[in-house]
Amino acid sequence: MSRRRKLVAGNWKMHGRLTSGLSLANELVQRMKAHRNLTTEVVICPPFTLLWPVAEVLSESAIKLGAQDCHPENHGAYTGDISAAMLVDMGCRYVIIGHSERRGAHHENSDLVARKFAAAQQAGLTAILCVGETRAEYDSGKKNEAVETQLRQSLPEKFTAANLVVAYEPVWAIGSGVTPEVSEVEKMHRHIRKVLGPVGEAVQVIYGGSVTPQLAESYLASSEIDGFLIGSVSLNADGFWAVCEKVG
Ligand code: PGA
C-alpha cells in the first residue's frame, strides 16, 4: 500500500459563469459534508473570475481551491496575467502549470513552466505540473523520452514532494474519450518517479485525460496512480463526485 495521499482535482477550464460556478461549488460542498470519511484530497480549479466567490463557498469545507495557471513573476507590467501571490490572496492552495492547452495554444515551453513552478513554490502553492506525450510521440514509441525531457525541463532547480503533484496527461487522451491501458499508465508513473529521483516515491502522480468514474475505478487497481486530474467530467457534480467516491 502506498502511503501517498490520493488526490482528485477538477480543472474547469474556461467554463462557469457566476451562477453556474457557484451552484457547482455548492453542490460539491454539500456532498463533501455528507461524506466525512472521504480521505482523498479534493481540489477544484475554476477560472480566475470565480476564484474569490468560490473561495467563499469553500471556506468551511475540506475541498481546496486551485487555479489553472500563474505568471512566473510576482508583479509587474504584465497585462492580463495573474501572479502566484495573487492566487494565494484568493485562497488558492494549488495551481495547475504546464497544461498541454497552455503549452499548445499559448506556446509555453518547459523553461517557462519551470519558472512558473518556482514562483508557485515561493508563494506557498502546490504545483500540479502537467506532462504528457503527443499522439505522434506515442505512436513512434517515444513517449518515455518525451515525458522525461518535458519533466526534467519543467522542474526548477529545487523542489520537494510537499509542493509538487505531477499530472501525467497524454495529450491524445485529453477530451478524446481514448485512454491508455492501466498498465501503460502504471509504467509511465513509475518512470516519472524515477526521473524525479530520491523524492519520487513521495510525490503524488495523478492521471488526466478523459477520466470518468468507470475509468477511475479500473485505474485504481494500480497503486502507482494517486488520483486524477479531471476536465469535462468535473463540470458535473454527479460525475466528479462519483470519481471522488471511487478514490475513497
Ligand atoms: P478531460 O480533460 O478530462 O476533459 O479529458 C483533462 C484535462 O485537460 O486536464
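## An exposed histidine to start

With a relative accessibility of 68%, H107 counts as exposed; that word applies over 50% relative accessible area, buried means under 20%, and partly exposed covers what lies in between (1.4 Å probe, protein chains only). H107 sits in the loop between α4 (100–105) and α5 (110–123). Its phi is positive, about 50°, although H107 is not a glycine.

Here is some background for your tour. This is a predicted model, in which local features need pLDDT of at least 70 and side-chain atom pairs count only at pLDDT 80 or more, while totals for chains, interfaces and linings use all residues. Residues are numbered from 1 along each chain as its sequence is written, and side-chain values use heavy atoms, with hydrogens and water left out. Helices (H or I, at least four residues) and strands (E, at least two) are DSSP runs, numbered from the N terminus.

Next, look at strand β1, residues 7–11. Five of its five residues are buried, so β1 is largely enclosed by the rest of the structure. L7, A9 and N11 point one way from the strand, while V8 and G10 point the other way, and all are buried.

Which strands pair with β1 in the parallel sense? One is β2 (residues 41–45), joined to β1 by five bridges, and another is β8 (residues 227–230), which pairs with β1 over four bridges. Two strands pair if DSSP finds at least two bridges between them. On the β2 side, L7 stands opposite E41; in β8, F228 is the bridge partner of V8.

Together with helix α1 (residues 18–34), β1 and β2 make a right-handed β-α-β unit. Right-handed here means that, with the strands pointing away from the viewer, the path from the first strand over the helix to the second runs clockwise.

## Around the ligand

The loop between β1 and α1 holds K13. K13 has a positive phi of about 50°, although it is not a glycine. K13 is also one of the closest of the 13 residues that surround the ligand, along with H99, E169, G175 and S210; a residue is near a molecule if one of its heavy atoms lies within 4 Å of it.

A polar side-chain atom of K13 lies 2.7 Å from an oxygen atom of the ligand, and a polar side-chain atom of E169 lies 2.6 Å from a ligand oxygen atom. For G231, a polar backbone atom is 2.8 Å from an oxygen atom of the ligand. On its own, the ligand has 280 Å² of accessible area, and the protein covers 97% of it; such areas come from the Shrake-Rupley method with a 1.4 Å probe.

## Aromatic pairs

How many aromatic pairs does the structure hold? There are four, where rings of Phe, Tyr and Trp (its six-membered ring) pair if their centres lie within 6.5 Å, and planes under 30 degrees apart count as stacked, over 60 as edge-to-face and the rest as tilted. The rings of F117 and F159 have centres 6.4 Å apart and planes at 50°, so this pair is tilted. F117 lies in helix α5 and F159 in the loop between α7 (143–154) and β6 (164–168), so the pair ties together parts that are 42 residues apart in sequence. F117 is buried, with a relative accessible area of 0%.

Y168 and Y207 form an edge-to-face pair, with 6.3 Å from centre to centre and 65° between the planes. This pair links distant parts of the chain, with Y168 in strand β6 and Y207 in strand β7 (residues 204–208), 39 residues apart. Y168 is buried at 2% relative accessible area, and Y207 is buried at 0%. Y168, Y207 and Y219 form one aromatic cluster.

How values were computed
Polar contact = N/O pair within 3.5 Å; in protein donor to acceptor, adjacent residues only side chain to side chain.
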